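Welcome! Here is a short briefing to read alongside the structure shown below.

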Amino acid sequence: MPQTDLSAYLPIALMFVLVVGFSVVSLFLARLVAPRHPTPEKVEPYECGIVPLQEPVQRFPVKFYLVAMLYVIFDIEIVFLFAWAASFDDLGWYGLAAVGLFTFLLIETLVYVWRRGALDWNLPRRRRYQRAGAAAGDAERTAA
Amino acid sequence: MTVTAGWYLALAAVLFVVGASGLLLRRNALVMFMSVEIMLNAANLSFVAAGRQLGVLDGQAAVFFVMVVAAAEVVVGLAIIVTVFRRRATASVDDLAGLKG
Amino acid sequence: MNGSLTFLSVAPEIALAAAVVLLLLVEVTFKPRAWAWAVVAGAGLAAGTALSAWQWVAHRGADTGTFWNGMIAVDGFAALAGLLVFPLAGLGLMSAWRLAASQGRRGAEFIALVLLAAAGAHLMAAAADFIMLFIGLEVFSLSLYVLAGFTRERVDADEASLKYFLLGAFASAVFLYGVALVFAATGSTTFYGDGGIADYLAGTVIFRPGVLLAGLALLLVGLAFKVSAAPFHVWAPDVYQGAPGGVTGFLAAAAKVAGFAALARVLTAVLGARADDWVPAVAVLAAASVVVGTLLAIVQDDVKRLLAYSSVAHAGFILTALVAGRGGVGDMWFYLATYAVQVLGAFTVAAAVSGDRAGRSPLAHWAGLGRRAPWLAAAMTLMLLAMAGIPLTAGFAGKVAVFRAAIDAGYLWLVIVAVLATVAGLFFYLRVIVAMYLASPEEGASLPASPAVGWGARFVLAVAAAATLVFGIAPWPLLEVLRDALPL
């Protein structure tokens with residue numbers, strides 16, 4: 001491996017030093033010169049001047065997780081399209097057919113997810129699907 | 001000092017150990033799961049570094065597939081963890097001790 | 001390479017994937033009755049089996065051919081794995097049919113997951129490249145994680161699913177890092193051909209084999225997790241006990257078949273040149289599994305948990321065949337095939353006794369089963385005797401075959417340990433049999449209502465009993481045939 005010329009990284013190193021230095025200095029200076037008269041209202045977390053009604057950390061509804069999970073899986077599958085696009089000329093019709101099949105499988109999955117109601121915010125369709133399974137679960141809970 | 005591929009392999013080994021110890025020592029299912037992801041990325045880094053050192057593209061190609069598989073694993077894993085979390089309001093594996101013997 | 005043959009090399013996977021796509025599309029479009037699921041799944045599995053049979057006829061005993069730039073291997077080994085995995089998935093579905101049908105519209109997903117697991121399992125056996133093996137492993141494992149927690153309304157099931165997932169993902173990561181290290185040492189992830197790993201290891205003297213040996217060890221650990229060999233077995237009891245009864249049999253049988261198929265190809269064909277390095281490790285794993293599985297099975301009071309520890313011991317017996325290297329692969333297949341059928345049969349009975357969706361199956365449920373359900377008790381007795389290795393059952397023939405392979409390889413100490421464990425194992429198998437025939441239900445104990453056996457489960461038990469007896473009385477024809485199933 002050739003000897004890398006590290007001097008090219010000098011501006012980045014300087015930038016790094018400046019950034020860290022600036023933030024440390026301003027934090028320190030603020031603590032040094034700013035007047036401090038804490039009152040109970042002032043130490044509350046700031047929320048448009050209104051007294052906070054509840055703790056800021058809450059549990060999110062599960063449907064957000066569902067959408068996030070669906071997003072992750074579809075998002076990452078696209079990575080194969082980059083590889084195909086980068087060598088489009090070499091792969092030709094064969095590559096196009098292969099990617100077509102791949103895309104069909106992705107869309108088929110999307111159709112399934114959609115028809116199952118996983119994308120519905122208000123859940124009427126999802127409920128319909130879940131009813132049978134939930135009923136089975138209820139029966140089991142009563143039996144146990 | 002030149003940074004050779006060997007250093008990246010060493011970093012990958014460190015990452016792998018960090019991930020493995022995280023999985024074995026932490027008790028929160030989400031954190032344990034993140035440790036697994038660190039281990040997978042340690043393997044990815046090894047693939048790329050070794051491929052670069054040997055001058056072959058196989059390493060980078062492998063990483064593509066590993067990334068996609070890891071994403072699939074994330075989705076299945078999160079779904080399972082959310083299911084557990086909804087029922088018990090805890091993600092600590094110490095509270096999951098119904099099955100033993 | 002001729003084009004049509006290239007596609008035929010992955011034809012079983014294509015058949016299964018097409019069945020899954022069709023199943024899901026039909027499901028959301030027409031919302032059909034359960035029999036339509038059965039038709040699609042049956043067609044997919046039958047096509048997969050037929051294509052594997054065709055590959056077997058065309059390639060048995062021949063050298064391995066590779067396709068897709070050395071990604072997929074076509075040989076007797078891969079074909080036999082298909083002939084084993086696809087019918088096993090079909091039997092697993094029959095055994096789990098009542099469970100699937102009770103899940104409402106989610107039942108289609110259950111069936112799709114079983115088909116995907118079967119496709120992944122065959123891909124693990126047919127992979128000729130570590131990356132393809134990893135993909136097969138993950139397709140297979142991810143399906144099983146979800147299946148283990150399918151009845152998510154029940155507390156045990158999601159616990160089983162989470163434990164399976166965390167430890168399984170850990171094992172996958174260990175395996176993958178092993179692959180990365182082997183790649184760093186040899187410069188390839190492909191098994192066969194010029195520049196493949198086998199070729200490189202056979203033709204090169206490695207002066208500093210540290211990276212290679214570390215990679216080899218991690219590969220072994222990762223796959224040992226998947227087949228639940230001690231000391232990497234800790235997930236198996238919790239998962240088998242917590243998973244819904246109907247699907248546990250498929251879980252146990254498929255994990256063993258797929259894991260050992262991958263292990264056998266990787267060890268004998270790819271790392272064959274380093275046999276001196278891995279054979280002692282495999283021997284120690286085998287001895288540890290046999291001893292730990294047997295000792296812990298003795299103290300269990302839950303039949304599903306007991307079967308789980310027994311499966312750890314059986315992982316040890318199967319590993320015993322692998323210390324003979326390539327010479328033991330045929331014996332490994334015999335043991336694996338007969339054990340997979342037995343364990344599926346045993347868990348099918350457990351599902352009938354304690355319920356399709358139930359996780360636990362305490363020994364109290366089994367008291368007096370011989371009077372309440374004589375046929376179920378008889379089937380369970382046969383399966384347990386076969387697992388214990390009583391003569392005239394396939395279990396005995398399998399044990400003789402793997403012990404002979406290990407003795408030929410010079411591992412007498414391992415065989416002595418395994419024989420002692422077999423004798424000790426009789427105790428816990430007999431304990432279940434005694435409970436079924438001699439104990440009577442405790443006063444006031446809440447037994448599940450009379451054991452419910454569907455037609456699918458009956459068929460599975462009939463097949464399992466027939467296979468266990470036929471291959472127990474006359475194992476030689478099958479043993480002879482399996483000599484052609486080597487990953488050359």
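A residue is called buried if 20 or more other C-beta atoms lie within 10 Å of its own, exposed if 12 or fewer do, and partly exposed in between, with C-beta atoms placed from the backbone. By that rule, 38% of the 101 residues of chain B count as buried. Please keep in mind that this is a predicted model, in which local features need pLDDT of at least 70 and side-chain atom pairs count only at pLDDT 80 or more, while totals for chains, interfaces and linings use all residues. Residues are numbered from 1 along each chain as its sequence is written, and chains are lettered from A and ligands numbered from 1 in the order in which they are written.

**Chain B on its own**

- Chain B has 3 helices and 0 strands; here helices (H or I, at least four residues) and strands (E, at least two) are DSSP runs, numbered from the N terminus.
- Read from the N terminus, the elements of chain B follow the order α-α-α.
- Two residues are in contact if their C-beta atoms, placed from the backbone, lie within 7 Å. Among the contacts in chain B with a separation of 6 or more, 49% join residues 24 or more positions apart.

**Where chain B meets chain C**

- On this interface, 35 residues of chain B are in contact with 37 residues of chain C.
- The side of chain B that touches chain C draws at least two residues from each of α1 (5-25), α2 (29-54) and α3 (58-88) of chain B.
- Of these, α3(B) gives the most, with 15 residues.
- By class, this side of chain B has 26 nonpolar, 6 polar and 3 charged residues. Ala, Val, Leu, Ile, Met, Phe, Trp, Tyr, Cys and Pro count as nonpolar, Asp, Glu, Lys and Arg as charged, and the others, Gly among them, as polar.

**A helix pair across that interface**

- Two packed helices are described by the angle between their axes and the distance between the axes.
- For α3(B) and helix α7 (residues 130-148) of chain C, the angle is about 5° and the axes are 11 Å apart. Axes are lines fitted to C-alpha atoms, for helices over the stretch in contact, and angles run from 0 to 180 degrees between N-to-C directions.
- The two helices α3(B) and α7(C) are therefore roughly parallel to each other. Angles under 35 degrees count as roughly parallel, over 145 as roughly antiparallel, 65 to 115 as roughly perpendicular and the rest as oblique.
- Residues making the contact include F65(B), V69(B) and I80(B) of α3(B), and F134(C), E138(C) and Y145(C) of α7(C).
- By class, this helix contact has 12 nonpolar, no polar and 2 charged residues.
- L142(C) lies in helix α7 of chain C and is buried, with 24 other C-beta atoms within 10 Å.
- Neighbours within four places in sequence aside, L142(C) is in contact with A72(B), E73(B) and V76(B).

**Where chain A meets chain B**

- Here 12 residues of chain A are in contact with 13 residues of chain B.
- Both α3 (62-77) and α4 (79-86) of chain A supply at least two residues of the side of chain A that touches chain B, and α3(A) provides the largest share, 7 residues.
- That side of chain A divides into 9 nonpolar, 2 polar and 1 charged.

**Core and a buried helix**

- The largest nonpolar core has 249 residues, and those with the most contacts inside it are L115(C) and V257(C). A nonpolar core is a set of buried Ala, Val, Leu, Ile, Met, Phe, Trp, Tyr and Cys residues joined through C-beta atoms within 7 Å.
- Helix α8 (residues 155-186) of chain C supplies the largest share of this core, 22 residues.
- Leaving aside neighbours within four places in sequence, V257(C) is in contact with residues including L84(C), A121(C) and L336(C).
- Helix α14 (residues 303-322) of chain C is largely enclosed by the rest of the structure, because 20 of its 20 residues are buried.

**Backbone details in chain C**

- The peptide bond from A230(C) to P231(C) is cis, with omega near 0°, and P231(C) sits in the loop between α10 (210-226) and α11 (235-242) of chain C.
- S228(C) is found in the loop between α10 and α11 of chain C. Its phi is near 55°, a positive value in a residue other than glycine.
- With 27 C-beta neighbours inside 10 Å, S228(C) counts as buried.
- K31(C), in the loop between α2 (11-30) and α3 (34-59) of chain C, has a positive phi of about 45° although it is not a glycine.
- K31(C) is partly exposed, with 13 other C-beta atoms within 10 Å.
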